[in-house]
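Subject: Structure for your review

Dear colleague,

Please find below the structure that I am handing over to you. My findings follow it, and I would be grateful if you could read them alongside the coordinates.

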Amino acid sequence: MQKDTLKKAKRVYIPPKNFLKITNNPLPFFMKKLKENEGFIDIGLALTHAYITNRPNIIRHVLQKNNKNYRKTDVVREVLAKDVGKGLLTSEGDYWLQQRRAIQPGFHRKRLEAISKIMIKEIRSFLDEEFDKYADTEEVIDISKEMMHLAFKIVSKALFSNGPKEEDLELIDKTVSSAQEYIVMTLRRPYLKPWYWLNGRSAEHEALKNASDKVIFDAIDERIETKERHDDLLDMLLETRYEETGEGMSRQQIKDEALILYVAGHETTALAMTWMWYLLSTHKDIEDKLLQSVEEVLGKDNPPSFADTRNLTYAMQVIEETMRLYPPAWMIDRHSLEEDEVDGFVIEKDKDILLSIYGVHHHPDYWEEPEKFDPERFTPENKKKQEPYTYLPFGGGPRLCIGNNFALMEMQFILAEMVRRYRFELVPNQKIEMNPLITLRPRYGLKVKVKRR
Ligand code: HEM
């Protein structure tokens, strides 16, 4: 297309009088402006600006068709990489490709089958030891915290099935949460960064990180020494070989990748599960249908197995529809390396572009009654009708989530196990709001009363 006929995205500013309200939850503002401006806007943010889009064609172009022209933004490259280290999620270019090729086989079917056993065991013991007590006393709990705890335990065991000890795991949990808080703080209030250095917050984080690195290094060393096999992700990381050299990863690389799997692999799943309980507790008919469909496959109490994941089809539909309405990764960020054009629009060199997964999942051109919770959208026949890049909770293109099948299996298992044991009643009159930061969290948690079925 002729350069002078290319359109520019409309520049939009956040009105100062609503600044706080909008930055607290920018989703409604973004959705309105995207609707008014052909799904592509250029939004002023403090001293800089960034493109935002919910046009599937642009999203596909950036993530897949011309992905070589885009890298992640500095938020990921600098803040996240500095805080948690260089791993699949945070690296770029040749190093990323080499790591991705090496690690990918660790998430293939055969491996997932082995991991499925670890998962089931962990879910059952969590429910027996912790949740059953809540149900016996009909306790009110914040289910978002519990799901976070469970997903953390699952990814820990999937990584290191024979350890580390409970108190060492807590250390890793603290490090990962502290890194996340730090990132959130840096994004929301960048001007406070020097203050955090002065008051020792950064030193504290550094100390935590060193301690949890040591826990992971110890687990790696022990495994190397004992030569035991456990069929977990650590075995997979230790066994990877680079195609070109036939060599394995260094201790440092294994540690970095393990920590990244912790970071990338639990909060997203926990959030999807949290929003799922919210939707199920407000849609009784769907909850009933789900329970019936799970019992048809598994009976009243049999644990699910890897083979059952194929048959737990309605559970999968509920999971997929939940992530349409509440995509845990609600936005994917990229930065353009060279000028580009797509769909008649220009994207200049060196621009940040935010791909609104939430925006495309709620787009009325692609979803009828987009705000309605309706798992029927994900029956095999209906899925065939979906246009490309209108549903992408795990991203797309070469950087598609490596843990997508791991997460889907995990969520099917948690759902199948929990829906047969408990019912959750939403505590009335609580405020339930989305808090879109790096992930889509419930701002005030989600309080429910646990009842036994
Ligand atoms: C519901 C759960 C999950 C969601 C919604 C999710 C979403 C995503 C998304 C959207 C990306 C792409 C980011 C981008 O392109 O910038 C991604 C990447 C990634 N995810 Fe997940 N994820 C989930 C679970 C997991 C799990 C369980 C693991 C590991 C056990 C994992 C590990 C990763 C890694 C390592 C990457 C980086 C891949 C790469 O760049 O090569 N994720 N995830």
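Helix 14 and helix 17 are roughly perpendicular to each other, because the angle between them is about 115° and angles of 65 to 115 degrees are classed that way. Please note that this is a predicted model. Helix 14 covers residues 313–325 and helix 17 covers residues 404–421, and their axes lie 10 Å apart. Their crossing is right-handed. On the side of helix 14, the contact is formed by Ala315, Met316, Val318, Ile319 and Met323, and on the side of helix 17 by Leu408, Met411, Gln412 and Leu415. Sorted by class, this contact of helix 14 with helix 17 comprises 8 nonpolar residues, 1 polar residue and no charged ones.

Helix 14 also packs against helix 12, which spans residues 251–281; here the angle is about 100° and the axes are 9 Å apart. Helix 12 is therefore roughly perpendicular to helix 14. Ala272, Trp275, Met276, Leu279 and Leu280 of helix 12 meet Val318, Ile319, Thr322, Met323 and Leu325 of helix 14. The contact of helix 12 with helix 14 divides into 9 nonpolar residues and 1 polar residue, with no charged residue.

Cys401 is situated in the loop between helix 16, residues 380–385, and helix 17.

Finally, some figures for the chain as a whole. The protein chain contains 17 helices and 13 strands. Its radius of gyration is 22 Å, close to the 22 Å that the globule rule gives for 453 residues, so the chain is as compact as a globular protein of that length. Along the principal axes, the C-alpha atoms fill a box of roughly 65 × 55 × 45 Å.

With kind regards

Terms used
Residues are numbered from 1 along each chain as its sequence is written. This is a predicted model: local features need pLDDT of at least 70, side-chain atom pairs count only at pLDDT 80 or more; totals for chains, interfaces and linings use all residues. Side-chain values use heavy atoms; hydrogens and water are left out. Axes are lines fitted to C-alpha atoms, for helices over the stretch in contact, and angles run from 0 to 180 degrees between N-to-C directions. Helices (H or I, at least four residues) and strands (E, at least two) are DSSP runs, numbered from the N terminus. Angles under 35 degrees count as roughly parallel, over 145 as roughly antiparallel, 65 to 115 as roughly perpendicular and the rest as oblique. A crossing is left-handed if the near helix is turned anticlockwise from the far one by less than a right angle, and right-handed if clockwise. Contact means heavy atoms within 4.5 Å. Ala, Val, Leu, Ile, Met, Phe, Trp, Tyr, Cys and Pro count as nonpolar, Asp, Glu, Lys and Arg as charged, and the others, Gly among them, as polar. The radius of gyration is taken over C-alpha atoms; the globule rule is 2.2 Å times the number of residues to the power 0.38.
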